[in-house]
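Please take a moment to look over the sequence and the model before reading on. The paragraphs below begin with open spaces in the protein and then turn to its helices, its core and a few individual residues.

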Amino acid sequence: MDDKVSENIILDSKRMFEHACAFCDCAKFCEVEFSNIEYRMRSHTVSGIVNSAFACEIFIKTLLVFHGRTIMDIKGHELKLLWEKFKKEDYETAVYVEKGICEWFRTEDENLFDRLIGEASNAFEYWRYIYEKQEGTINMNFLLGFRYRLREVCCNKLFGKSWNEYKSIE
């Protein structure tokens, strides 16, 4: 699709949220439901990382669209760049998420979030092709905590409800 056509597409933040939730569920399945996978292998861990990173990406893009950003504004997969855009749109919520991650890790290190999002920024693209590389490291707990915190924030912004309230009415 050329850029002229895609500029005119109106994105639906609620539909984007549902899409992100699906990837979030798939990531969780890869992480915790290994006994339900017929033939478990290391690549399921990779699938979990990829799905988790993509869920985070779509949750951030959902928040950007909620704040009026266009499809052209949200291009790309880099979590750090998307997060910087979101932080400019809604500083208070971004700080809330960042502090929540520090609480998740039980640390007072104010640089932890910046360091971890920097390390995970390109996870979606990098880990999809990990078989082409000799190695890779990532903090999977960051991706897990970040996706859940983003899901919670999206629920609050889009529906005025917590995740638990939202899922109990669906």
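On a 1 Å grid laid over the protein atoms alone, a pocket is an open set of points with protein on both sides within 12 Å along at least five of seven lines, whereas a cavity is a set of points where a 1.4 Å probe fits but cannot get out; lining residues are those with an atom within 4 Å of a point. Grid points are joined across faces, edges and corners, and a volume is the space filled by probe spheres set on the points. With these terms in hand, the largest pocket has a volume of about 340 Å³. Of the 13 residues that line the largest pocket, Leu11, Met16, His19, Ile58 and Ile74 are the closest to its centre.

Before going further, note that this is a predicted model, in which local features need pLDDT of at least 70 and side-chain atom pairs count only at pLDDT 80 or more, while totals for chains, interfaces and linings use all residues. Residues are numbered from 1 along each chain as its sequence is written, and side-chain values use heavy atoms, with hydrogens and water left out.

Helices and strands are DSSP runs, numbered from the N terminus (helices are H or I with at least four residues, strands are E with at least two). By this rule the chain has nine helices and zero strands, and the pattern read along the sequence is α-α-α-α-α-α-α-α-α. Helix H2 (13–32) and helix H3 (43–66) each supply at least two residues of the lining of the largest pocket, and the largest share of that lining, four residues, comes from H3. For the classes of residue, Ala, Val, Leu, Ile, Met, Phe, Trp, Tyr, Cys and Pro count as nonpolar, Asp, Glu, Lys and Arg as charged, and the others, Gly among them, as polar. Sorted in this way, the lining of the largest pocket has six nonpolar, two polar and five charged residues.

The second largest pocket has a volume of about 180 Å³, and its lining includes Val95, Cys102, Glu108 and Phe113. Helix H5 (91–104) and helix H6 (112–120) each supply at least two residues of this lining, with the largest share, four residues, coming from H5. By class, the lining of the second largest pocket has three nonpolar, one polar and six charged residues. In the loop between H5 and H6 lies Arg106, which has a positive phi of about 50° although it is not a glycine. Most residues other than glycine have a negative phi.

Of the 170 residues of the chain, 42% count as buried.

A nonpolar core is a set of buried Ala, Val, Leu, Ile, Met, Phe, Trp, Tyr and Cys residues joined through side-chain atoms within 4.5 Å. The largest nonpolar core has 47 residues, and those with the most contacts inside it are Phe17, Phe59, Ile60, Trp83, Phe142, Leu143 and Phe146. The largest share of this core, 13 residues, comes from H3. In soluble globular proteins, nonpolar side chains tend to be buried together.

Lys61, found in H3, is buried because its relative accessible area is 12%; its side chain makes a polar contact of 2.8 Å with the side chain of Glu57 and reaches the backbone oxygen of Gly76 at 2.8 Å. Arg147, found in helix H8, is buried because its relative accessible area is 0%, and polar contacts join its side chain to those of Ser52 at 2.8 Å and Tyr148 at 3.3 Å.

Definitions and conventions. Buried means under 20% relative accessible area, exposed over 50%, partly exposed in between (1.4 Å probe, protein chains only). A polar contact is a pair of N or O atoms within 3.5 Å; within protein, one must be able to donate a hydrogen and the other to accept it, and residues adjacent in sequence count only if both atoms are side-chain atoms.
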